[in-house]
Amino acid sequence: CAAHDVAVGEALVVCKKAGMDMKLVFDAIRVSAGNSYCWETEVPRMLKGDYYPDFTAQMMAKDISLGLALGKKYDVPQEAFEFIAKKYQEAMDMFGPDSGSAIPCRLVEEKAGCRLIEGEGKPDLYPGNSVCPESHGGCFKDWSYTTEINNGSYTVIHTGYDNVFKHFENPKNSDLQVELEYLRKRVEELEKTVAQT
């Protein structure tokens with residue numbers, strides 16, 4: 001997750017600064033090779049300014065240091081992991097060790113001068129948080145998730161969120177023409193969004 005949190009922060013801030021629809025970005029990556037557990041479970045929080053520390057940056061830094069020590073023991077170069085450790089240290093220096101493990105994303109926001117939320121968030125108890133549930137049209141306001149094992153894979157199930165992919169969940173029972181029309185409309189929306197950026 002540490003590598004994902006660092007990369008996700010950069011990707012999201014680039015998309016936000018490019019004027020992209022952040023809900024559309026979230027949904028597009030969910031069905032791409034770029035998807036991950038971290039993307040599915042942390043990005044909706046980030047997009048409303050919530051870096052809640054259910055797993056702290058300090059705990060993540062400890063795990064990173066264990067990985068670095070193991071690599072050193074077996075003489076394996078770990079330049080990428082060293083970079084990630086540096087980003088976590090920078091984030092903890094700015095927001096504290098008790099900030100959430102996704103806090104490197106907040107660090108990117110700060111350095112780029114670009115918040116992922118829309119409008120002003122309200123600070124809460126947790127370092128780095130400035131929460132705005134109404135951000136992005138409130139689409140992540142009631143978002144949560146659960147998980148299940150599905151055919152041997154760990155699957156994230158979103159709740160309190162409009163699933164744009166519901167048309168494709170059971171293709172055996174869906175009408176092909178309806179699906180094709182839905183796809184055409186989504187492609188048209190995407191083309192308009194790209195043309196505007």
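In this predicted model, helices α2 (22–30) and α7 (176–196) each supply at least two residues of the lining of the second largest pocket, where helices are DSSP runs of H or I with at least four residues, strands are DSSP runs of E with at least two, and both are numbered from the N terminus. Because the model is predicted, local features need pLDDT of at least 70 and side-chain atom pairs count only at pLDDT 80 or more, while totals for chains, interfaces and linings use all residues. Residues are numbered from 1 along each chain as its sequence is written, and side-chain values use heavy atoms, with hydrogens and water left out.

**The second largest pocket**
- About 180 Å³ of space lies in this pocket, a pocket being an open set of points on a 1 Å grid over the protein atoms alone, with protein on both sides within 12 Å along at least five of seven lines.
- Its lining has 12 residues, and L24, F165, L183, R186 and L190 are the ones that lie nearest its centre; lining residues have an atom within 4 Å of a point.
- Helix α7 gives the largest share of this lining, with five residues.
- By class, the lining has 10 nonpolar, no polar and two charged residues, where Ala, Val, Leu, Ile, Met, Phe, Trp, Tyr, Cys and Pro count as nonpolar, Asp, Glu, Lys and Arg as charged, and the others, Gly among them, as polar.

**The cavity**
- The structure holds one cavity of 30 Å³ or more, a cavity being a set of grid points where a 1.4 Å probe fits but cannot get out.
- The largest cavity has about 60 Å³ of space, and the residues lining it are E42, R45, M46, D50, Y51, Y52, D54, G100, S101 and A102.
- Four nonpolar, two polar and four charged residues make up the lining of the largest cavity.

**An exposed position on a strand**
- I149 lies in strand β1, which covers residues 144–150.
- With a relative accessible area of 62%, I149 is exposed, a term that stands for over 50%, whereas buried means under 20% and partly exposed lies in between (1.4 Å probe, protein chains only).

**The chain as a whole**
- The chain has seven helices and two strands, and from the N terminus on its elements run α-α-α-α-α-α-β-β-α.
- Its C-alpha trace spans about 55 × 40 × 30 Å along the principal axes.
- Of the 197 residues of the chain, 41% count as buried.

Methods:
Points joined across faces, edges and corners; volume = space filled by probe spheres on them.
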